[in-house]
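Here are a few notes to read beside the model. Keep the structure open as you go.

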Amino acid sequence: MSPRNSLPDRSIRICADRGGTFCDVHASYPDPNDPEKRKEIIVKLLSQDPANYRDAPTEGIRRILEIVTGTEIPRNQILKTDKIDYIRLSTTVATNALLERKGRKHALLITKGFKDLLLIGNQSRPRIFDLKIRRPPPLYSAVLEVDERVTLLGYTSDPAAADHAVQFDENGKVIRSYSGPGWDQEEEDYEIVQGLSGEAVKILKKPDESTLRADLQKLYDSGYRSIAVCLVHSYTFSTHELLIGSIAKDVGFEHISLSSQLLPMIKMVPRGVSSTADAYLTPILRQYLDGFFSGFDDQLRIGGVETARVEFMASDGGLLDLDNFSGLKSILSGPAGGVVGYALTSWDEESKTPIIGLDVGGTSTDVSRFDGRYEKVYETTTAGISIQSPQLDINTVAAGGGSCLDFRNGLFTAGPESAGAEPGPACYRKGGPLAVTDANLILGRLIPDYFPKIFGKSEKEPLDIDASKKALEEVAKEINTSFDRQMSLDEVAYGFIKVANETMCRPIRSLTEAKGFATSRHILASFGGAGGQHACEIAQLLGIKTILIHRYSSILSAYGLALADRALERQEPSSAVYSNSTIPQLRERLDSLSKSVKESLERQGFKPNRIILERYLNMRWEGTDTAIMILGGAPRGDDTSEVVEDFEDAFKKEYKHQFGFLLEDKPIVIDDIKVRGIGKTFDTLGPSVFEELKTLSRTAVDSQTSSKKEATYSVYFDKIGRLDDTPIFQLPSLEIGDVIKGPAVILDDTQTIVVIPGAEAVVTSHHLFITLHDA
């Protein structure tokens, strides 16, 4: 029986993370000798190599299928999916399209009189002393003003707002008119309806359907196929936007982004910009996915509970199916997988020590923080575009393995320009520029004989250290001409590494010290292809004593996809004041959303006991504009009997932590009600690394005499210089409990970890546990 025939259908699980430089693929399948266990495979390839393959994730999956089935599969052949359980993808397609401004041409439809609203923006001045402000141009190419208007009745500053407000019956019919400031007899001439938030909406003018259809037809005839729609107050009254969407669909528009459906939140500017971002990015994302699906049989796109399916990592750390995935939700798709990976593999529920995630990739470094729950933000700015969408709180800095090194105006610089995957750093054999990877190679922190041989035209050549030295010598000559003292090649290379390390530390301080957390009281979880070469020195700079490096650290973003859960959210606006009289109504709305989310997840194949619901209220003090999304209980399935939801207490604690004071004399307003459903895909990874260390028997490995030493290599270290006999250890050859004291280099097929003098690394089941001592 051939290996393919012996492999059960729907048994291969594949996760692919396409980064800026490398595409990492992690797969697992049943062990033929013990079907209860699963074997794992890792494939690492360049994200771009047009001379050899069209799409990196598809090529990685082809290689996986070849290895698992034992059958040769020619490139460009349609891949069969009968043996695949799922494919999970994280992609930077939408992110790159936004950064490079290569999205889809689209038009913005907005309420008449607000044509320039998104251009005016929110009047923020990020660089107030800049003498030449360069404001990013808007994403949309044309604006169509819609002659419609609605307004809200009442004033939030009215001290007797509740007494003056319009009252509705259970069916939304007015039973008492508005009687507060601004009321006039003509109110009776307008239609008044109850908005989704409970506010009274006065319809001043409805859009004319025939005019709308004619205007949309003109846009369509002009070549537009994508539109964004953002009307005043549509977060609570979406009828007019839905009408526009319906007519646009009839006209033939391929993509329609309605702000009221994307995220019905107050604040028209970020809501409008988000809808334009979605109309700009989603068509590009869909175009890429069409190309991806074309490499597989038709069954993969159809999906379903009983067939192979594709799931996508969203910016908030949850998995989405094809129908729910969009450009707006994919902006942080790439780094989100890594956050899930380190959070689930590094967190210890007993000690509860917060973790800083350091993802040093080829193009950039992504930094995040985890203290038992994912930290999220609901409004972010990416490439000058303010986006209103739930995202993990990830800070990115343009410093990675591919960051270009240069000497400008008497300063060493690392980034923001990147060599990328094509042509890549100088050592990639494609004529690329000098980069951080070249500096690490010259310093001995990368060893060509142990690095994947995937370079050059044949994809089989090693790193080219001579090309790195030649590029660095040219820069070193310029540096030594500028300075009085002569710096060696090692000193120049390490000078660039120090600049890159400091650049990587900045976003870490922003996530910790700037928010009131002591950086030194964290654990550093380092991952990404270049993380192991920088982790110890970055921890030193930050005063952190403990570093965790997972065995799969170089592909942890792909591994995190395998651990991620399916997520689904429902959100509605609100205008209620949080009080004993409104709590029952708020709970009723939360229950309604919970039911909707639960039913949707059950339709996707999750049993009730595999569903977790998180219930949120977006709360703020009246008179302020800073709302905080507050989590209540997290009930499992239908069991909510023991859940205590004290939103007020949680809000006050979080507000006091962030701002240092409370506004006790002001009522609390609820802006939004949200329920997030999580479909659990696994139960536990077993004991944490900290639990394992309590009972682990440790064995010191003598770096001079041990047979486990693979070889020695010349490596440069700070304050010591070059050590020609630095021991090299292969991670797979080390046993659990082995203790390696620095200086040393530990490596495997996909990562190189530099253990500096004064550091001690303990090998555990899934991690290297590194402790820093004084050298």
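Which residues of helix α13 are buried? Point 1 takes this up.

1. This is a predicted model. In α13, the buried residues are Ser-468, Ala-471, Leu-472, Val-475, Ala-476, Ile-479 and Asn-480. In an α-helix, residues three or four places apart point the same way, because there are 3.6 residues a turn. The cover over the buried residues of α13 includes strands β23 (403-408) and β24 (411-418). It also includes helices α12 (436-442) and α14 (489-511).

2. Now the cores. The largest nonpolar core holds 71 residues. Ile-14, Ile-64, Ile-87 and Phe-292 have the most contacts inside it. Helix α9 (residues 268-293) gives the largest share of this core, 13 residues. Another core lies apart from it, with 65 residues, including Ile-356, Leu-511, Ala-539 and Val-715.

3. Look at Ile-14 up close. Leaving out residues up to four places away in sequence, Ile-14 touches Val-25, His-26, Ala-27, Ile-61, Ile-64, Ile-84, Tyr-86, Ile-87 and Arg-88.

4. Last, a helix pair. Helices α11 (residues 333-346) and α16 (residues 556-563) pack at about 70°, with axes 7 Å apart. Angles from 65 to 115 degrees count as roughly perpendicular, so α11 is roughly perpendicular to α16. Among the contact residues are Gly-334, Gly-337, Gly-338 and Gly-341 of α11, and Gly-560 of α16. By class, this contact has 6 nonpolar, 7 polar and no charged residues.

Notes: Residues numbered from 1 in each chain as written. Predicted model: local features only at pLDDT ≥ 70, side-chain atom pairs only at ≥ 80, totals over all residues. Heavy atoms only, no water. Core = buried A, V, L, I, M, F, W, Y, C linked by side-chain atoms within 4.5 Å. Buried < 20%, exposed > 50% of the residue type's maximum accessible area, 1.4 Å probe, protein only. Helix = DSSP H or I, 4+ residues; strand = E, 2+ residues; numbered from the N terminus. Contact = heavy atoms within 4.5 Å. Axes fitted to C-alpha atoms, helices over the stretch in contact; angles between N-to-C directions. Parallel < 35°, antiparallel > 145°, perpendicular 65-115°, else oblique. Nonpolar A, V, L, I, M, F, W, Y, C, P; charged D, E, K, R; others polar.
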